[in-house]
Amino acid sequence: MNNAISGFSKLTKEEKINWITKEYFANPAEAVATIKQYWNSDAKLQQLHDEFIENTISNFYLPIGIAPNFLINGKYYSVPLVIEESSVVAAAAKSAKFWSTRGGFKATVLNTEKIGQVHFLFKGDSAKLEKFFDSQKDNLIASTESITKNMQKRGGGITSLGLRNKTTELENYFQLHATFETKDSMGANFINSCLEQLAKTLKGEAQNYSDFNETEKEITVVMSILSNYVPNCIVRAEVSCKVSALAERKIENPQEFAEKLVQAVRIAEIEPFRAVTHNKGIMNGVDAVVLATGNDFRAVEAGVHAYASRNGKYSSLSHAKIENGIFTFWMEIPLALGTVGGLTSLHPLVKIALEILGKPSATELMQIVAVTGLAQNFAALRSLTTTGIQEGHMKMHINNILNQFQTTAEERKIIKTHFENNSISHASVVDFIEKLRK
């Protein structure tokens, strides 16, 4: 394809598909058939999905699975997960069942503060700017009243507003740093609307401030935007039991297992190369629930990884210890989530997922998500320190290989029987399929 296209967004859905398939596919008709195969037969439901984003041509399916038996703060949950990776749901369910007989998970929301900033440039006397801000602070907050009044009725709103001088890091750079409580809403649109109003009021009042000279009156607002780094919107998840209670079929020596797991976590605490993969395992669980409940997993990912680097070096999100014969495994992560607004009130399967979870509040959902991440991390560490990560993963992954080679029911039976007692790898499965077919 060597040609640009003008006005693509103005084309109808059919016209977009026709252009894409003719430009990029050797067999346009086959590509069109595949794209339309994923349309929903309910025209109204398909239109709903079409309007989630721009230039929609079809739906992209991901499976939604259930991990049951999560005992969290004395209450059982069946947790919905949306993910494409083999073994994640199975591992979460296995961890949930393991800990359900050992007291379950404990989860606590430590804080729910969210942050937004107005980034602006001020050329002048910073002492005069500070005096101006002090005189206008109440007025700045009051100017957002039309935006915040409904949130205030629910117990939320702007909780603080401060001026931050960042000129030692960037010339003329200052911030209005605001904190928010958004209750059961994730609050992105609410926060951004408040920030834009604060910026407008800041510029307007500066024009009328008699102590500013003409240059100082010309405040330049660079941008007004929430932050996805929420170090004061934290949830803690943990499990603990006597070391001896860790014993089961594949953990014959619980003391040795506990010590090895603690050592594995300590390696992730000090070695960034390991910490990234360690935390990725946590996010397998976190992201899957965040997606299932219609929340923004990219925002969560960005905030969590920034938090993992908060001490100047990327490190493990989870921690483990053995004290007085008690094994404890825990994690604290930032999570800004919502259960009202956005996709939570639009996407039918998001509504189903929230119904399965018992229509949780935002804080309850924070606890469920954090626990799922911790469970996933425990499952990975358990495999790594006992049988190795590949045994369970490849058993789950074998179905993908079999689908890739379009194996018959009879072939599947033979292949799975063979690999019950043989090492599984992608190469070994492919090799066996080829030999079987010869």
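Arginine 236 is partly exposed, with a relative accessible area of 22%. Here buried means under 20% relative accessible area, exposed over 50%, and partly exposed in between, for a 1.4 Å probe and protein chains only. The model is predicted: local features need pLDDT of at least 70, side-chain atom pairs count only at pLDDT 80 or more, and totals for chains, interfaces and linings use all residues. Residues are numbered from 1 along each chain as its sequence is written, and side-chain values use heavy atoms, with hydrogens and water left out.

Arginine 236 forms a salt bridge with glutamate 332, with the closest N and O atoms 3.2 Å apart. A salt bridge is a side-chain nitrogen of Lys or Arg within 4 Å of a carboxyl oxygen of Asp or Glu. Arginine 236 belongs to strand S8 (residues 234-242) and glutamate 332 to strand S10 (residues 326-334), so the pair ties together parts that are 96 residues apart in sequence. Helices (H or I, at least four residues) and strands (E, at least two) are DSSP runs, numbered from the N terminus. Glutamate 332 counts as partly exposed, at 26% relative accessibility. Salt bridges that share partners join Arg236, Glu238 and Glu332 into one network.

The structure holds 16 salt bridges. One of them joins glutamate 216 to lysine 128, whose closest N and O atoms are 2.6 Å apart. Glutamate 216 lies in helix H8 and lysine 128 in helix H5, so this pair ties together parts 88 residues apart in sequence. Glutamate 216 is buried, at 3% relative accessible area, whereas lysine 128 is partly exposed, at 24%. Aspartate 211 forms a salt bridge with lysine 131, the closest N and O atoms being 3.6 Å apart. Aspartate 211 sits in the loop between H7 and H8, and lysine 131 in helix H5, 80 residues apart. Aspartate 211 is partly exposed, at 37% relative accessible area. Lysine 131 is exposed, at 51%.

The protein chain has 16 helices and 10 strands. Of its 438 residues, 44% are buried. Strand S4 is mostly covered, with 7 of its 8 residues buried. S4 pairs with S6 in the antiparallel sense over 8 bridges; two strands pair if DSSP finds at least two bridges between them. Histidine 119 stands opposite glutamine 175 in S6. S4 also pairs with strand S7 (residues 220-227), again antiparallel, over 7 bridges. There, valine 118 stands opposite serine 224 in S7.

Aromatic pairs number 18 in the structure. Rings of Phe, Tyr and Trp (its six-membered ring) pair if their centres lie within 6.5 Å; planes under 30 degrees apart count as stacked, over 60 as edge-to-face and the rest as tilted. The rings of phenylalanine 122 and phenylalanine 174 have centres 6.0 Å apart and planes at 80 degrees, so the pair is edge-to-face. Phenylalanine 122 lies in the loop between strand S4 (114-121) and helix H5 (126-142), and phenylalanine 174 in strand S6 (residues 173-181), so the pair ties together parts 52 residues apart in sequence. Both phenylalanine 122 and phenylalanine 174 are buried. Phenylalanine 122 also pairs with phenylalanine 212: the ring centres are 5.3 Å apart and the planes at 45 degrees, so this pair is tilted. Phenylalanine 212 sits in the loop between helix H7 (188-207) and helix H8 (214-217), 90 residues from phenylalanine 122. Elsewhere, ring pairs link Phe98, Trp99, Phe257, Phe327, Phe329 and Phe378 into a cluster.
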